[in-house]
Every structure is written in structure tokens, then in C-alpha cells.
Amino acid sequence: MKPKVLVTREVFDETLQYLAGHCDVESNQGDMPLDTAGLARRLADKAGVICSLTDRIDGELVQRCPGLKVVSNIAVGYNNIDVAACSARNIMVTNTPGVLDDSTADLAWTLMLATARRLTEVEGNIRSGQWQGWQLKQWLGVDVHHATLGILGMGRIGQAIARRALGFDMRVIYHNRTRVAADIEQRLAATYAGKDELLAQADFLILQVPYSPQTHHLIGACELKKMKPGAILINSTRGGVVDDAALIQALTDGTIRAAGLDVFENEPRLNPGFLTLKNVVLTPHIGSSTEATRRAMAMTAARNAVAALVGGVPPNLLNPEVVR
Ligand code: DGY
């Protein structure tokens with residue numbers, strides 16, 4: 001008998017076809033997010049779940065799923081999953097690192113360029129028919145080239161962001177829990193800095209740390225005040241890393257120039273204060289959302305789940321202690 005799996009949100013046809021070759025698949029192709037009760041009901045007889053960051057897989061839920069062997073997240077971030085609770089029940093947890101680095105770095109850059117050149121404001125001006133023609137001092141932005149780029153979090157995506165800065169002749173400084181290897185620093189022409197130094201010197205600060213209790217509100221009122229006057233903040237990692245209310249205040253009183261945001265606290269009900277600000281560029285959590293990347297993420301998650309269910313060790317296992 002094939003192991004039963006639940007796919008909690010819509011995926012691509014090839015993902016389902018691959019899964020169906022190995023598993024008995026129930027899929028929520030209607031794509032309405034399942035509430036906790038719905039998720040628990042559907043998971044009661046399943047050995048695996050292919051889930052997304054909109055599904056909360058916590059201790060209470062896994063307790064109600066006695067046959068669950070693998071939780072496979074279609075995301076690199078996994079703050080929606082209580083990994084310790086899964087480990088306690090010998091449930092493997094996997095994610096999709098690697099396949100989304102470049103797309104996510106591209107989006108961080110999109111936000112950086114768009115905020116620097118005030119894209120939302122100027123496009124609104126044209127669309128609303130208000131443009132009166134060329135003027136020397138119209139819509140002045142700031143240069144990205146030759147500016148200082150600060151990257152907070154120098155994992156794979158942070159490094160992909162830094163790599164792109166080489167082509168813009170930027171000075172790159174970064175802060176990370178641990179300093180990256182010297183050859184990587186050299187290749188990226190990136191210099192290690194303390195967190196306060198990073199805040200004080202970056203013209204553009206891009207956040208690329210995962211969300212956890214330790215990184216909750218890593219950027220709040222105090223850190224925003226330490227940023228260079230006129231700096232621009234980019235958050236394309238996870239809501240909650242920034243204190244959104246404090247950011248709205250800093251954008252309103254001019255503590256920083258602008259922000260480019262792909263992620264928010266309480267998605268999708270973001271703080272309405274953002275909506276009336278002119279100096280923000282907002283995108284709806286689309287960092288990895290290119291067709292090729294989302295297909296690759298879904299297939300990676302499917303492969304992780306199948307590997308776990310046929311008795312192997314999935315390539316992207318987050319809690320290896322369960323297979324020791
Ligand atoms: C991730 O992989 O963590 C992304 O946020 C999902 O798009």
C-alpha cells in the first residue's frame with residue numbers, strides 16, 4: 001500500500017504526478033488555506049504532509065497525527081513549523097533551500113532599485129494622468145551604484161545579493177552571526193562589520209536573516225534611529241524581523257528615507273499605516289515567485305517527502321536527530 005500524503009495548497013501538475021507515482025495523494029488544489037481543525041482532520045490518517053508557510057504545524061497538531069512521518073515545507077523558511085515538537089515525535093521536517101536563492105536575491109534588488117528611484121510614486125503619477133512633462137528637479141532619487149550596501153544575514157541568499165552588487169560598484173558590508181570564510185568575503189568584495197557599524201554606514205540595508213524568537217523585531221525603533229540618515233531599508237526575508245509600527249513611524253518622521261517590503265507582520269493583514277506612505281514600495285511576499293523557482297520548490301518538497309516515506313534520508317532534512 002502506498003503511503004498517504006496531504007498537499008495542503010495548490011501545486012503544479014508535475015508535482016502531483018511525481019507524488020502519485022509513490023504515494024496516495026490528497027491535494028487541496030482548491031487552494032483555500034486549511035484551518036487548524038481542517039488540517040488535523042485531513043492529516044489524521046496521513047504519513048506525510050507537503051505544506052507551505054501559511055500552514056501552522058505546531059505541537060498540538062502533530063499530537064493529533066499519530067501516523068505522520070514527514071512534514072515537507074515548500075519554502076526555505078520554516079518558522080511555521082514547530083521543529084522540536086516534530087522531533088519529539090520522530091517526524092522528519094524538510095525545507096527547500098538553494099533553488100530559490102537567485103530569485104529571492106533578484107527581488108531584494110528589485111525593491112532596492114525601486115525604492116531608490118521612487119518607482120511606485122512615479123508610476124502612480126503617470127497612471128493618474130498628472131505628468132506635465134520633463135523637469136530638471138523632478139522625482140529626484142538616490143544612486144544605487146557606488147553606494148554602501150549593508151547585508152544583515154550572509155547565508156546563501158545574502159551572498160547572492162552581494163554578488164549582484166559587484167556589477168553596481170557598490171561597497172558591501174555585512175553582519176552575520178558567524179563571519180563567512182575569507183575566500184567568500186574576497187570573492188564578494190564584502191567586509192564584515194558589527195551590527196551597529198552596519199546600521200550606521202549602510203545607504204541600503206537589506207535584511208536576510210530567518211525569523212525566530214531571536215530575530216523577532218531585530219530592527220525596531222532603536223535600530224532605525226541608528227541607521228544612517230537618508231538610508232533605505234529592504235525586508236524580503238520574513239515579517240516579524242522588523243517592528244512594522246516602529247518602521248512606519250521612522251518612515252513618517254524621516255528617520256530613514258524609504259523602505260522596500262515584501263514581507264510583513266500578520267500577513268496578509270499588514271499594518272494599514274504602510275498604505276498611505278509614499279516612501280514605501282510594497283510587494284505581496286513574492287520573493288521566490290518566478291514560475292521556474294516555484295516549480296523547483298514544489299518539486300524539491302515532493303522529493304523530500306518521498307525520500308522520507310520510502311525509508312531514505314531526505315536531502316533537506318532539518319532535524320537529522322530523528323534518523324540517527
Ligand atoms: C521561503 O521560501 O521561505 C519563501 O518566503 C517562500 O516564498
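These legends describe close-up views of a predicted model.

**View 1. The five-stranded sheet.** Five strands form an open sheet with parallel pairing. Their order is β2-β1-β3-β4-β5. Strands β2 (24–27) and β5 (92–94) lie at the edges, and each pairs on one side only. From one strand to the next, the twist averages 15°.

**View 2. Strands β1 and β2.** Strand β1 covers residues 4–7 and runs parallel to β2. Four bridges join the two strands. In one of these pairings, Val-7 has Ser-27 of β2 as its bridge partner. Helix α2 (residues 36–43) packs on the sheet and touches β1, β2 and β3 (48–51). The direction of α2 makes about 160° with that of β1.
Helix α12 (residues 291–309) also packs on the sheet. Its contacts are with β1, β3, β4 (70–73) and β5. The direction of α12 makes about 165° with that of β4.

**View 3. Residues around the ligand.** Around the ligand stand Leu-53, Ala-75, Val-76, Gly-77, Leu-100, Arg-238, His-285, Ser-288, Arg-294 and Met-297. This shell divides into five nonpolar, three polar and two charged residues.

View 4. The ligand taken alone exposes 230 Å², and the protein buries 89% of that.

**View 5. The seven-stranded sheet.** Seven strands make up an open sheet with parallel pairing. The order runs β8-β7-β6-β9-β10-β11-β12. Neighbouring strands are turned by 20° against each other on average, direction ignored.

**View 6. Strands β10 and β11 with two helices.** Strand β10 (residues 232–235) runs parallel to strand β11 (residues 258–261), and four bridges join them. Ile-234 stands opposite Gly-260 in β11. Helix α5 (residues 101–116) packs on the sheet, touching β6 (148–152), β9 (204–207), β10, β11 and β12. The direction of α5 makes about 150° with that of β10. Helix α11 (residues 244–252) packs on the sheet too, in contact with β10, β11 and β12. The direction of α11 makes about 140° with that of β11.

Terms used:
Residues are numbered from 1 along each chain as its sequence is written. This is a predicted model: local features need pLDDT of at least 70, side-chain atom pairs count only at pLDDT 80 or more; totals for chains, interfaces and linings use all residues. Side-chain values use heavy atoms; hydrogens and water are left out. Two strands pair if DSSP finds at least two bridges between them. Axes are lines fitted to C-alpha atoms, for helices over the stretch in contact, and angles run from 0 to 180 degrees between N-to-C directions. Contact means heavy atoms within 4.5 Å. A residue is near a molecule or strand if one of its heavy atoms lies within 4 Å of it. Accessible areas come from the Shrake-Rupley method with a 1.4 Å probe; for residues, only the protein chains shown count as cover. Ala, Val, Leu, Ile, Met, Phe, Trp, Tyr, Cys and Pro count as nonpolar, Asp, Glu, Lys and Arg as charged, and the others, Gly among them, as polar.
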